[in-house]
Amino acid sequence: MKKTFLYTFILIASLSFSLAQAQKNGVSNLQTEMLDNPEGIDVLQPRLSWQINAEGNDVKQTAYQIMVASTLENLNANKADLWDSGKVTSNESVNIIYNGKKLGDRQNAFWKVTVFTNKGEIKSATTAHFSIGILTYADWKSTRWIGYEKLSKDDSVSQYSRLSARYLRKEIDLKKQVKSAKVYIMGMGLYELYINGNKIGDQVLAPVPTDYTKNVKYNVFDVTAQLKEGKNMLGTILGNGRFFAMRQDYKPYKIKSFGMPKMALQLFVEYTDGSNEVIRTDDSWKLTTDGPILSNNEYDGEEYDARKEMKGWNTTNFDDKSWVNARYVQEPGGFFEAQMSPNMKIMGEVKPISIKATAKETYILDMGQNMVGWLQLKVKGKSGDQITMKFAESLQKDGSLYIANLRDAKTTDVYTLKGEGEEIWEPRFIFHGFRFVEISGFLTKPTLDNFVGKVVYDDIKTTGTFESSDATMNQIFKNAWWGISGNYKGMPIDCPQRNERQPWLGDRTTGAYGESFLFDNQTLYAKWLDDIKYSQTQDGGLPDVAPAFWRYYGDNVTWPGTYITVADMLYTQFSDKEVIKKQYPTMKKWMVYMEENYLRNDLMDKDKYGDWCVPPESLELIRSKDPARMTDGEVLSSAFYYQLLGIMKKFATIANEENDIAHYDDLAVRIKKAFNAKYLNTSTNSYANNTVTANVLPLAFGMVPENVKEKVFQNMVHEIEVTKQGHISTGVIGTQFLMRTLTNFGRGDLAFKLASNKTYPSWGYMVENGATTIWELWNGNTADPTMNSQNHVMLLGDLMIWYYENMAGIKSNPEKPGFEQIIMKPDFNAGLTFVNASYESIHGLIKSDWKKGKSNLVWKITIPANTTALVYLPTTNASDVKVNNVKVSKSYQIENNKVVLELPSGTYEINANNIK
Ligand code: RAM
C-alpha cells in the first residue's frame with residue numbers, strides 16, 4: 001500500500017548529489033530522493049521546499065524553476081500543465097508558494113524542481129507528488145454519519161465510563177477493474193480501517209484529537225492496491241479517544257464530551273475505463289458492539305476478551321446476521337478538514353529489563369525507562385484465563401506500584417484468553433505512561449520474552465543529537481527526549497499517566513522552541529495553533545487548555561500567551577510566515593481583549609498560576625505558600641505582555657498590518673515605564689520581592705533601564721550563586737529565560753552549574769534519583785502525590801534551547817529565519833570541554849563538534865548548502881585561526897573580543913590556538 005496520509009503542507013524534495021560529480025558527469029547522473037510525499041493537502045496554494053545536499057563547499061542557489069503537472073506522464077515529458085514557474089532568480093528554497101492554475105478538490109499534482117547554483121545546475125531526478133483534499137462541504141453532503149448511540153449491557157456512563165468498541169462492516173461490489181482509489185475517513189474518537197482484512201496505514205490512535213464541535217479531521221489513503229474487481233469488504237473499529245470522554249459524570253461543567261463514537265467515510269474509485277464510483281457511509285453498513293474490545297478508556301485502560309473475537313469480520317467470508325444496521329447520527333458539529341499534522345505511530349520498542357515475583361502469581365515488570373505507549377503481551381493458557389496489567393511510573397519502598405500520583409486513572413489492561421496456543425495481544429485505543437507493570441494471572445512465571453513495550457508518539461523525525469563532556473547534562477538530554485516525545489499525542493499534552501493528559505498552553509510557552517531542536521514539530525505545533533484559534537471565545541478570550549477538553553477560561557497572560565510565542569517559534573525555526581498571517585487576527589483580538597479588560601495603570605493585572613511549581617519550602621509540598629519564593633502575578637503578566645507586544649510588532653510587519661505597530665510601541669513604552677516605576681528598587685537594584693524570576697524577566701525582555709542593567713544582573717547572580725548556593729529557585733515562568741539570560745550577560749558558567757548540578761533542586765537531582773524523564777516538580781520524589789507527575793516537560797524551561805544555541809552554537813539568526821543563517825557562538829568557557837551536536841534544519845543538516853584543550857580548540861562544523869554561518873571564535877587574533885588548515889588572513893571581523901567568520905556552506909575543521 002502506498003502511504004498517503006496527509007501530514008504536511010510542506011513538500012520537501014531532497015536533492016542528494018555530489019556537485020563535483022554533477023559537473024563531471026552531467027546532470028543526468030544525479031540522485032534525487034524525496035523526503036515527504038503526501039497525497040493530499042487542505043490548502044489551494046501549497047508550499048514547496050527542497051534541500052540541496054551538496055558535498056562541496058560554498059554552494060548557493062541562484063535561481064530555481066518549479067514544474068507542476070497534473071500527471072506524472074506530463075511532468076516526465078516536461079509538460080507543466082499546472083504551473084511552470086519559469087526560471088526565478090532567487091535564493092529561496094523553502095516555503096515557495098504554489099502559484100499556478102487553480103487546484104480543485106482531490107486534484108493530483110506532480111512536481112519537480114531545477115536548481116541553479118553558483119556551481120552548476122541540478123535537476124531533481126525523481127518527482128514529488130501531492131493532491132488536494134476535499135475542499136467543499138458539498139462533496140461530503142450525501143455522506144452520512146453513522147454509529148450506534150446506545151449503551152450495551154456492560155457499558156456505563158460514570159466516573160469510570162466504559163464503552164465497548166464499535167465494529168462496522170460494508171461489502172462493496174466493484175464491477176470493473178480499478179485504476180485508482182482513495183478513501184477519506186472521519187472516525188471519531190479513534191478509528192482503525194481495514195480493507196479485505198488488511199489494516200490500512202501504520203497510524204495508531206488516529207485521527208489527531210480536536211474539539212469536534214469546532215473541527216473534525218479526516219485522513220486520506222490511497223487504497224488502489226487493496227481493492228480488486230468484484231466483492232471487497234470495508235471494516236472499521238471505532239474507539240472512544242477524547243470523543244466519548246473519560247470521566248463522563250464527573251465535573252461535566254468542566255470536562256467536554258462529544259457523544260458516542262461515529263464515522264463518515266467516502267471511497268472514490270476510478271475504473272480503468274474512465275468511469276467513477278463513490279462509496280459512502282449509510283445505514284446499509286452493519287454494526288456490532290459485541291466484539292472483543294469490551295471497554296477502552298484512555299485513563300482506565302482497555303479490556304479485551306479474545307473469546308469474543310469474530311474471525312473474518314473484516315473480510316467477505318463472515319456471517320453478520322447478528323449485527324444490526326448502523327444508525328444515522330448527528331454530525332459532530334465542527335467543519336471537516338484534512339489532517340495536515342502527523343498521526344501517532346508505534347515509533348519504537350522497549351524490551352523489559354527485569355521481572356520479579358511479588359505475591360503469588362503477581363509480578364512486577366520493569367521496562368527500564370519511563371515510556372509512553374503500551375505493552376504487547378504473549379501468553380499461553382486456557383480459554384477464560386485472564387491477565388491483568390496495571391501500569392505505573394515508579395515503585396514504592398516495598399516494591400509495589402506507586403499509583404497515588406495517577407489520581408483516579410485505573411491504567412489497567414485486561415486480556416481474557418481464548419485458549420488457542422500462543423496468543424499475542426496489544427491494546428488499540430488507549431496509552432499509558434509507565435515504567436513498571438504489575439502483572440497478574442500468569443499460572444507459571446512469565447519471562448521477559450512475554451512482553452514488549454511499544455513506544456507511541458506522533459510520527460515525526462528526531463532532528464537533534466547532543467553529546468557533551470558532562471554526563472549529567474547528557475542524561476538530562478535523554479530524559480528530555482523521552483519526556484517530549486511521549487507527551488506528543490496529536491497535540492502536546494502535560495503528562496501521559498494520571499487522569500489529566502491535557503494540552504496546557506503554559507507548559508509549552510518556551511518549551512516548544514527547545515523541542516524544535518529535538519523533533520521536527522512544525523506541523524504538530526501549526527495544528528495546535530489552530531486548536532487554540534478555534535477555542536477563542538467570541539469576545540477574544542483564550543483558554544489555558546486547547547483543545548478546551550477542560551473548560552478553563554480564566555483569562556491570564558502567561559498561559560494563553562503561548563499562542564503567540566509558539567507562532568514565533570514556527571517563524572524563527574522553520575521560516576513559516578503563513579502561520580503568522582493566518583493566526584494574526586485572532587492573536588490581535590486576544591491582545592486587545594486583555595488590554596481592554598485587564599490593563600490598569602499601564603500594568604497587566606491578571607494572572608492565575610504564578611511562577612508555577614517553584615521549589616517549595618518543604619519537600620512534601622506541591623506549591624509554595626512562602627511569599628519570598630513567589631513572584632507577584634502583576635509582575636509576571638505585565639512583563640509577559642510587554643514581551644508579547646514586541647513579538648506582535650514583528651508579526652504586524654509579516655502580516656502586512658503595519659498600522660498596528662504604533663499602538664504596540666506606545667503600549668510597550670507605557671508598560672515599561674509603569675513597571676519600572678512600581679517594581680524596580682534602585683537602592684537594591686532588584687525587582688519586586690527580588691525573586692530570580694522577578695529579575696530575570698525584565699532582564700530577558702529588555703525592560704531594565706540601561707544604567708542599572710548590569711547591577712540588576714549582578715544582584716540576580718548573587719541571589720542564585722550565594723543565597724541559593726548555585727541552585728534553581730524558579731518555576732515554570734522564570735526557568736524559561738534563566739539559562740539564556742545568564743549566558744547572554746556573561747555568566748554561562750553559572751548556567752552550566754545549574755545544568756550540571758546533581759543536588760536539589762536541579763534537573764540533575766531528578767537524574768540522581770532515578771528519573772528517566774523530566775518531573776512536574778523539582779521535589780518530585782517527595783511531594784504530595786495529588787499533583788506529581790514523573791513525566792512532564794514544563795520545567796525544562798529554556799534548557800534545550802541553551803544546549804543548542806549556547807553550548808553547541810546552533811542558532812537560527814532571527815533576521816534570517818529557518819536557519820538560512822546560523823549563528824555559531826558556543827560559550828566555550830561555560831565548563832564543558834567538548835560538545836558534539838547536530839540538527840537537521842529545514843535547510844539541511846547542521847553539525848557542531850568542538851573540543852577544547854588547555855589553549856586550543858578543534859571545531860568541526862557542517863553548514864548546509866544555500867545557507868551561511870556566522871562563526872565566533874574565542875580569540876582576538878585571526879592569525880591563531882586556521883580553517884581547513886589555511887590561516888585566516890582576511891574577511892573576518894572582531895566582535896566583543898572574538899574573531900567572527902562568515903562561512904558559506906560546507907564542512908570545515910577549524911583550529912584555534914591561544915584561545916581565551
Ligand atoms: C497542572 C499541571 C499542568 C499545568 C497546570 C496549571 O494541571 O501541572 O502541567 O499547566 O497545572
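Predicted model: local features only at pLDDT ≥ 70, side-chain atom pairs only at ≥ 80, totals over all residues.
Residues are numbered from 1 along each chain as its sequence is written, and side-chain values use heavy atoms, with hydrogens and water left out.

**Exercise 1.** Describe how helix H3 packs against helix H15.

Step 1. Helices are DSSP runs of H or I with at least four residues, numbered from the N terminus; H3 covers residues 471–486 and H15 covers residues 799–808.

Step 2. The two helices pack at an angle of about 125°, with their axes 11 Å apart, where axes are lines fitted to C-alpha atoms over the stretch in contact and angles run from 0 to 180 degrees between N-to-C directions.

Step 3. H3 and H15 are therefore oblique to each other, the class left over once angles under 35 degrees, over 145 and from 65 to 115 are assigned to roughly parallel, roughly antiparallel and roughly perpendicular.

Step 4. In contact (heavy atoms within 4.5 Å), Met 473, Ile 476, Phe 477 and Ala 480 of H3 meet residues of H15 including Trp 802 and Met 807.

**Exercise 2.** Find the side-chain polar atoms that lie 3.5 Å, 3.2 Å and 2.8 Å from an oxygen atom of the ligand.

Step 1. Polar contacts are pairs of N or O atoms within 3.5 Å.

Step 2. The 3.5 Å distance belongs to Asp 494, the 3.2 Å distance to Trp 559, and the 2.8 Å distance to His 792.

Technical notes:
Polar contact = N/O pair within 3.5 Å; in protein donor to acceptor, adjacent residues only side chain to side chain.
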